[in-house]
Structure formats: C-alpha cells, structure tokens
Amino acid sequence: MKRFAIIAIAATFLWAGLSSPLANSQTTAAASAPVFKDIKGHWAEKTITDMVKQGILDGYPDGTFRPQEPVKVDQFIKMLVLSYTDLHQNGARSWNTQFLQSLSEENQAILKQDYRYFDFKPNPVGYWAKQFIDVASDLHFLNKSRYSDFQADLNRENVAEIVYYTLQETEFLEDGLFGQKMAQAYGDLMGASEREQKFIAETLVKGIMQGYPNGFFGVGDTVTRAESLVILNRLTDKSKRLAVAVSPDKLERVVPTAGGGKKIIIFPDKRMWDAYETLIAAGQLRGSNHDFYETTLRLFKDQAEKDSVLNRPSGSSSINEEAAVWLDPQYNTYGITIRLREGTLARNKEVVEQFANQLFGYNASLFKELFNDISKRVEAGTKVAAQQKLIGTDNVNIQVDAAGKTVIFSIATKK
C-alpha cells in the first residue's frame with residue numbers, strides 16, 4: 001500500500017477502458033464477481049470486491065485490478081455518476097431514489113427532461129465518456145471547462161473539488177472555519193491554491209478524505225483506482241465516512257441538520273455556546289410544536305402548522321413557522337424573527353423571555369420592553385420604521401415587513 005487509506009466515497013468504480021471484455025458485462029459481474037489476483041490483502045480489497053458485485057467496476061483481461069494505478073478524470077466521473085444508481089436484475093440501471101430526492105427541483109427536471117433516455121452506458125460512437133461528463137456538468141458536480149484533457153490522471157485537489165460541488169448539490173456544506181482548522185494541520189496545504197484549500201477542507205470535515213500518516217494531505221498526488229472507490233463509497237454512503245472528533249473546549253459542537261444529518265460548527269465565543277444551550281431548553285417550552293436544526297429554533301402555532309411547514313414542497317413560499325430564534329456563528333449574530341398572527345406573542349412569550357434573559361443578563365428587561373412594544377404595534381397595523389437600538393453592548397437592528405406583519409430583531413455586539 002503506497003500510503004495509508006485516504007479519502008472516500010461511494011459504491012461505483014467502473015474501469016472505463018473499453019478494451020476490457022468485462023467493460024459492459026454488468027449483469028455477469030454482479031452475478032459472479034471475479035477474484036483479482038492483485039488485491040489480496042490490499043487495504044481496499046473489500047471495497048473493490050463489493051463494487052464488482054454491484055456491477056459497477058471491472059478489472060483487466062489478465063485478471064488484475066491494478067489498484068495502485070492512477071485514475072483518469074473521465075473514469076472518475078463515470079464512477080461518480082454510476083455511484084448514484086441502482087442495478088436491476090435485468091442489468092438495467094436507474095437513478096437511486098434517495099439521490100433524486102436530494103437534488104434541487106431544477107436538477108430533478110434536468111434528469112427527467114434532458115436525460116430521460118440516458119442508459120448509463122458508454123457512448124458506442126464517439127468519445128465513450130461524453131454522456132457521463134455532460135450529465136455531471138449539467139448537475140453542477142463539476143465545471144467541465146476546467147479540464148483540457150479528460151484522459152489525464154486525476155489528482156487529490158481535483159477530486160476534492162468534484163466532491164465539494166457534488167456535496168453542494170446533494171447535501172450541505174459544513175462550517176468552513178472548522179474545515180479550515182482541519183486542513184491547516186497538514187504541512188503541505190499551502191501547496192494548494194486558496195480555492196483548492198476550501199475544497200480540501202470540506203472533504204476533510206465530511207470524513208470523505210483524510211491525510212497521510214506523514215502529516216501531509218498529498219497536494220499534487222494522483223489518486224489511485226482503489227482510493228477512488230473508497231472516496232466514492234464515503235461520498236454516497238454516510239455510514240462509511242470517517243468520524244471527525246470535536247472539542248467542546250474549543251467551542252466545537254456537532255449539531256443536527258434536516259433529514260437526520262449532522263454538522264460541525266465552531267462557535268465564536270462562550271456567550272453563543274451558552275445561547276445555543278438556552279435554545280435547546282427553550283424549545284421544550286413549546287412541547288412538540290418546535291424543531292431545532294443547526295442553530296435555528298423554529299416555533300409553530302400547532303402540530304398542523306408544523307406538518308404544513310415541514311412537508312411543503314421545496315421552494316414553496318407558503319406557510320412559514322410563526323417564530324424563529326436563531327444564532328449565526330459565522331457573523332457572531334443572534335436574532336428573533338416573529339410573524340404576528342393571532343396569539344403569536346402569547347404562545348412564544350416564555351421562549352423569548354428565556355432567550356433574552358440568557359443573552360442580555362441585567363439588560364434583559366430593556367430588550368423585552370422593546371420587543372413587546374414593536375411587536376404589538378406591528379400586530380395592530382401601526383406603521384413602524386426600521387431602526388437600531390443600543391442595549392448594553394449590543395446593537396439591536398429591527399427590520400419590519402408591514403405587509404407580512406413580520407419583525408426581525410438582529411442582535412450583534414457593538415464593535
């Protein structure tokens with residue numbers, strides 16, 4: 001093993017070399033996976049074997065897999081696309097349902113309209129990888145204009161970039177600050193551009209890539225066929241990702257995301273860390289009529305409103321929660337957004353007071369007076385202008401949407 005296992009994603013390696021007699025034998029490969037004579041004891045042996053059983057990768061005619069050979073750009077893109085598919089008993093493929101649901105409405109429409117006849121096979125005439133590159137580009141997984149040669153070896157920064165943009169379209173991006181801290185631990189990081197460092201940091205914090213035991217990330221190194229499989233396996237199967245340790249002493253915290261996911265956030269100071277703890281407790285004051293993802297506590301009028309909000313179609317601007325209490329670690333800002341429907345102030349009084357008490361301390365009463373005064377006037381239909389108030393050492397910026405009877409209280413420490 002040239003170096004200890006690195007990166008990682010999901011289930012799809014397919015040797016793009018059309019000269020291989022196994023290149024299109026998906027059904028046969030899935031039924032009886034060959035045993036490659038050069039992978040016994042290899043660190044990626046199980047992943048290689050599993051991928052062959054899924055009919056997504058093949059070896060060479062001489063019975064080898066050649067796990068240490070560099071992977072080409074077009075080969076990796078084909079593997080990426082196939083890793084988001086299901087193989088059926090008749091040898092046909094279709095997009096994985098969970099993958100489709102993770103895409104934006106725009107990307108779903110692209111697949112349904114522009115690629116409705118896509119058969120997940122190499123082009124029989126012309127450049128074999130054209131369709132794979134086109135679909136990946138149209139889904140914004142990569143910018144194909146950045147590649148002058150798709151038959152070139154793929155390096156680790158290239159892989160990090162493709163993984164970054166794929167995550168952006170299928171999941172969410174992590175807190176950049178935490179990723180940067182992880183990346184800066186590697187001695188060769190400065191060999192990558194600032195843009196590439198961003199990509200590397202994201203793959204590290206997601207547990208999809210990792211550095212070498214020698215303390216280097218491997219900037220400029222090519223990615224092997226075996227490494228590609230591991231990277232793709234971790235990308236498409238979250239259970240295979242590397243565990244990333246956090247340190248509460250350094251104000252690092254794992255927070256929940258929608259859909260049962262997790263995200264790592266670094267808080268700017270102890271004040272915001274404690275405010276987060278307060279939000280956890282404050283949510284319980286509303287029973288089940290709340291949810292808490294990342295750093296936002298959303299409060300609902302009742303279960304019916306909660307169901308309507310959580311189940312509404314993506315991109316819909318219909319019903320919103322009646323109130324939200326939020327933290328923004330990146331900009332060290334706190335806030336309350338309240339939509340003044342009948343009974344909103346009464347239902348959320350305890351939550352607002354608990355949050356204000358923790359955040360403002362001795363000055364909490366000043367904020368609560370301001371909050372109630374502005375909210376009641378907006379609720380009554382009185383015209384209220386945007387304004388800013390100083391409470392203690394905090395600037396409270398107040399924005400009003402009169403038509404929607406919505407007020408946003410944004411709180412930041414005075415500079």
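Two strands pair if DSSP finds at least two bridges between them. Helices (H or I, at least four residues) and strands (E, at least two) are DSSP runs, numbered from the N terminus. This is a predicted model, in which local features need pLDDT of at least 70, side-chain atom pairs count only at pLDDT 80 or more, and totals for chains, interfaces and linings use all residues. Residue numbers start from 1 along each chain as its sequence is written, and side-chain values use heavy atoms, with hydrogens and water left out.

**Whole chain**

Show everything. The chain has 14 helices and 11 strands. Of its 415 residues, 50% are buried. Buried means under 20% relative accessible area, exposed over 50%, and partly exposed in between (1.4 Å probe, protein chains only).

**The sheet**

Select β5 to β11. They form an open sheet of 7 strands with antiparallel pairing, in the order β5-β6-β7-β8-β11-β10-β9. Which strands stand at the edges? They are β5 (290-293) and β9, each with a single partner strand, so one side of each has no neighbour in the sheet. From one strand to the next, the twist averages 15°.

Zoom in on β7 (residues 323-328) and β8. This antiparallel pair is joined over 6 bridges. Find D328: opposite it, in β8, stands T333. Strands of a sheet pair through backbone hydrogen bonds, either parallel or antiparallel.

**Helices across the sheet**

Axes are lines fitted to C-alpha atoms, for helices over the stretch in contact (heavy atoms within 4.5 Å). Angles run from 0 to 180 degrees between N-to-C directions.

**Around α14**

Select residues 364-379. At 1.5 Å a residue, the 16 residues of α14 should span 22 Å, and its end C-alpha atoms are 22 Å apart, which agrees. The expected span is 1.5 Å times one less than the number of residues.

Which residues of α14 are buried? Colour A364, F367, K368, L370, F371, I374, S375 and V378. They cover an arc of only 165° around the axis, which puts them on the same side of α14. The arc is that of the directions from the helix axis to the C-beta atoms. Their cover includes β8 (333-339), α13 (344-360), β9 (387-391), β10 (394-401) and β11 (406-413).

Turn to the other side of α14. There E369 and K376 are exposed.
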